[in-house]
Amino acid sequence: MPEHSAAAARWLAEFERALRAADAAPLEALFRADAHWRDLLAFTWRVKTASGAGRILAALKRCANESGASGFEIDPGRTPPRRVVRAGTDVIEAIFRFRTARGRGSGVLRLVPEGEGWKGWTLLTALDELEGLEERAAPRGAEPDPDVLIVGGGHAGLSIAARLKALGVDALIVDRHARVGDNWRKRYQALTLHNQKQVNHFPYRPFPADWPTYIPKDRLADWLEDYAAKLQLDFRTGTELCGAAYEAGRWTAELRGRGGARTLRPRHIVMATGVSGIPNMPDVPGLASFAGRVMHSHEYVGATEWAGRDAIVIGTGTSGHDIAQDLHSSGARVTLVQRSPTLVLNIEPSAQLVYALYSEGPPLEDCDLITASVPLALLRKAHRAWAEQSKKLDAPLLEGLTRAGFRLDEEDETGWQFKYLERGGGYYFNVGCSDLIVGGKIPVVPMQDIEGFAAEGARTKNRVIPADLVVLATGYLGLDALLLRLFGEAIAGRVGPVWGFDEEKQELRNMWTRTAQPGLWFIAGSFAQCRIYSKYLALQIKAVEEGLIPDVIPRADLEAVA
Ligand SMILES: Cc1cc2nc3c(=O)[nH]c(=O)nc-3n(C[C@H](O)[C@H](O)[C@H](O)COP(=O)(O)OP(=O)(O)OC[C@H]3O[C@@H](n4cnc5c(N)ncnc54)[C@H](O)[C@@H]3O)c2cc1C
């Protein structure tokens, strides 16, 4: 056995012995002072990170007995232990398996050298399946009310529906769009995905090998439709959730659709409505005086009718850039109005650096486990390094943008993915629009220079920027606003903020975990996040349905585990 495999096997054996020992010293001796332990349900039934040897020890001691975790060993069926660099540190990384009182789990251990031996630096323990309740294709229940109502049928809704189906939990997806996949089909024509295909697979059904690296939106739209059909997911299109109230263990969910209004009484609602829920329509001074067409970016479908005409696009995130480029390439004269400094990086290689793992060779399942095993502190460290690297790689582009009057986000340290995780946007992957800006083909004007609007365009101090069209690429209000609108103040207040990190708990707030509101769950994020975490979300709903865990995490309990 190679030396690093032996070291990992030894550590796991000692870990198991130490878990049982009455004395805390052997357990403490296994971890570095700055170690992290992330648990995905296996020990705590929570999505939880503990940092520092002292906290890990206290948390492990609290739950080790009840969890019944045992049988820790290197998993011979998975990527063998290897020496790799993670967050700038040379580590042994080992995938292992174990059993709990309730089921089977897997994990990732990272060891770093200390003194004569190796110490635990990061540990992930994740529940894979419940004993006796393993995944299987189950026939749909005959109940008129599904156990779970999934609101939103994009990749997030489809991922959780597929996982629940495999666990035999009856779920119905509703989406206000008329056809499955319309959430992509109805976007602007030029759109292709920004991450490479190997990172974006859906649960159970990977994209075909001969598909392009960057999938165009219409092909993706048809894939969503095909996915729902092949997996026989229950999907009701043209149906909107308008509001819901909770009483005596069930929701009263008010739906509006083609057949009129309808009420369903599910036990669970999973919100899969995207991180960006309600279009943000800022109050642009004087816009009411503008005589041309005004639309939010979500209404923009293509440039055909704007060829040879003037357009102003307000906002410099992904949509603003993509729409400006689309208008320009169709022969419109476009001005981009910048509201705040924006992070820009080239789509290749910079934007792909964070996903290098998925091209390293391990199978998708192992890459996902390794991805989930990186605790927030190390994730930030790794992303700082990638952000630095991107800035160097993209230096000529960034200098050109600055010369063209584009304000770059100079304060950013952790790169685009943290912008997504913390605020749902604020960056652009250059697929050509930045080059048009640098080359003077798309002028950029700061929002501060716009004094107001006249019938024929935007007024600055010295001139009017002519426009027939103004596109507000001004983003979306987050999930909090949607929660308030659909569920009311009491539930929104109980649940608290959704998405963005809780720094204390080192996890995304309220995502893929029980919330303070019984029967209310959230799933959102990238294809990879939804693929990874839909599994743990489905396991929790199954466990609630089977009476293995309560359906709510009391706030005090959440805080006590920290
Ligand atoms: C140009 C571009 C490229 C991208 N590339 C990638 C990539 O490569 N990889 C990646 O991971 N991400 C990528 N993204 C991000 C990706 O778009 C989002 O992550 C994704 O759309 C979110 O999917 P979702 O299922 O969470 O939400 P959505 O796709 O927004 O779906 C939410 C659904 O909920 C429905 N809905 C909302 N409210 C209600 C209601 N009350 N009742 C009924 N239905 C409702 C909507 O109709 C919608 O269909 C890209 C985005 C853009 C713009």
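A residue counts as near a molecule or strand if its C-beta atom, placed from the backbone, lies within 6 Å of it. On that basis 27 residues sit around the ligand, and Gly 152, Gly 154, Asn 195, Gly 274 and Ser 526 come nearest. Keep in mind that this is a predicted model: local features need pLDDT of at least 70, side-chain atom pairs count only at pLDDT 80 or more, and totals for chains, interfaces and linings use all residues. Numbering starts from 1 along each chain as its sequence is written.

**Around the ligand**
- By class, the shell has 9 nonpolar, 14 polar and 4 charged residues (Ala, Val, Leu, Ile, Met, Phe, Trp, Tyr, Cys and Pro count as nonpolar, Asp, Glu, Lys and Arg as charged, and the others, Gly among them, as polar).
- The largest share of the shell, 3 residues, is down to α4.

**The parallel sheet**
- Five strands make an open sheet with parallel pairing, in the order β16-β25-β17-β18-β21; two strands pair if DSSP finds at least two bridges between them.
- β16 (293-296) and β21 (444-446) are the edges, each with a single partner strand, so one side of each has no neighbour in the sheet.
- Neighbouring strands here are turned by 20° against each other on average, direction ignored (axes are lines fitted to C-alpha atoms, for helices over the stretch in contact, and angles run from 0 to 180 degrees between N-to-C directions).
- β18 (residues 333-338) and β21 pair over 3 bridges, and Val 337 has Val 445 as its bridge partner in β21.
- α7 packs on this sheet, touching β17 (310-314), β18 and β25 (469-472), with its direction at about 165° to that of β18; contact means C-beta atoms, placed from the backbone, within 7 Å.

**The antiparallel sheet**
- Another open sheet has 3 strands in the order β22-β23-β24, with antiparallel pairing.
- Its edge strands, β22 (452-454) and β24 (464-466), each pair on one side only.
- β23 (residues 457-459) and β24 share 3 bridges, and Arg 459 is partnered with Val 464 in β24.

**Packing inside**
- Ile 160 touches Ile 150, Val 270, Ala 272, Ile 523, Ser 534, Leu 537 and Ala 538, leaving aside residues up to four places away in sequence.

Note on methods
Helix = DSSP H or I, 4+ residues; strand = E, 2+ residues; numbered from the N terminus. Contact = placed C-beta atoms within 7 Å.
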